[in-house]
Amino acid sequence: MARGYRDGDSKRYFDWLYYAAIDLRCAKLLNEDPKCYNQVSFHCHQCIEKGVKGFLLWKHHRLYDGHNLPFLVKQAMQDDQNFRKYLPAATNINHYYIEARYPADFLLQLDEQTAEKLIHTTSEMLYFINSLVKFDFASYRQKKTN
């Protein structure tokens, strides 16, 4: 599903991959504090969302709408079946997108083991995406604004 462009959304796939990498770094930093495990899951979700959107932008030269990781991974599977491996993880991480950020009567509280697993899976998936598009975080330079 293509979306209507917002003026602020970058059409440069490597910008999306850069911000995906930043979200992964945030998840790793937040993982040092047990009170932040739920936010680890949010940043892992954001990393995968931006990473897959960056891949799809690279392949199709258009932005994809939404935050639904299984949908985005299925779109990527149309171009590379190796994404199928990540569909269960995307479905799992998608579960935490809302539940881990808002208070509820039955509060979801992630533990250290779950947070570590989310970071590991997210790291693996982002590495896979970066290898496909030949993105290197260390050599990325942001576009200068006037």
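This is a predicted model: local features need pLDDT of at least 70, side-chain atom pairs count only at pLDDT 80 or more; totals for chains, interfaces and linings use all residues.

Guide: Residues are numbered from 1 along each chain as its sequence is written, and side-chain values use heavy atoms, leaving out hydrogens and water.

Visitor: How far apart should the ends of helix H1 be?
Guide: The expected span is 1.5 Å times one less than the number of residues, and helices are DSSP runs of H or I, at least four residues, numbered from the N terminus. H1 covers residues 13-30, so its 18 residues should span 26 Å, and its end C-alpha atoms agree at 26 Å apart.

Visitor: How do the axes of H1 and H5 cross?
Guide: Axes are lines fitted to C-alpha atoms, for helices over the stretch in contact, with angles from 0 to 180 degrees between N-to-C directions. Here they come within 11 Å and cross at roughly 160°. That makes the pair roughly antiparallel (over 145 degrees). The contact (heavy atoms within 4.5 Å) includes Leu-17 and Leu-24 of H1 and Ile-119 and Leu-126 of H5.

Visitor: Is Cys-47 buried or exposed?
Guide: Buried means under 20% relative accessible area, exposed over 50%, partly exposed in between (1.4 Å probe, protein chains only). Cys-47 has 1%, so it is buried. Cys-47 sits in helix H2 and, leaving aside residues up to four places away in sequence, touches Ala-20, Asp-23, Leu-24, Thr-122 and Leu-126.

How values were computed: Helices (H or I, at least four residues) and strands (E, at least two) are DSSP runs, numbered from the N terminus. Angles under 35 degrees count as roughly parallel, over 145 as roughly antiparallel, 65 to 115 as roughly perpendicular and the rest as oblique.
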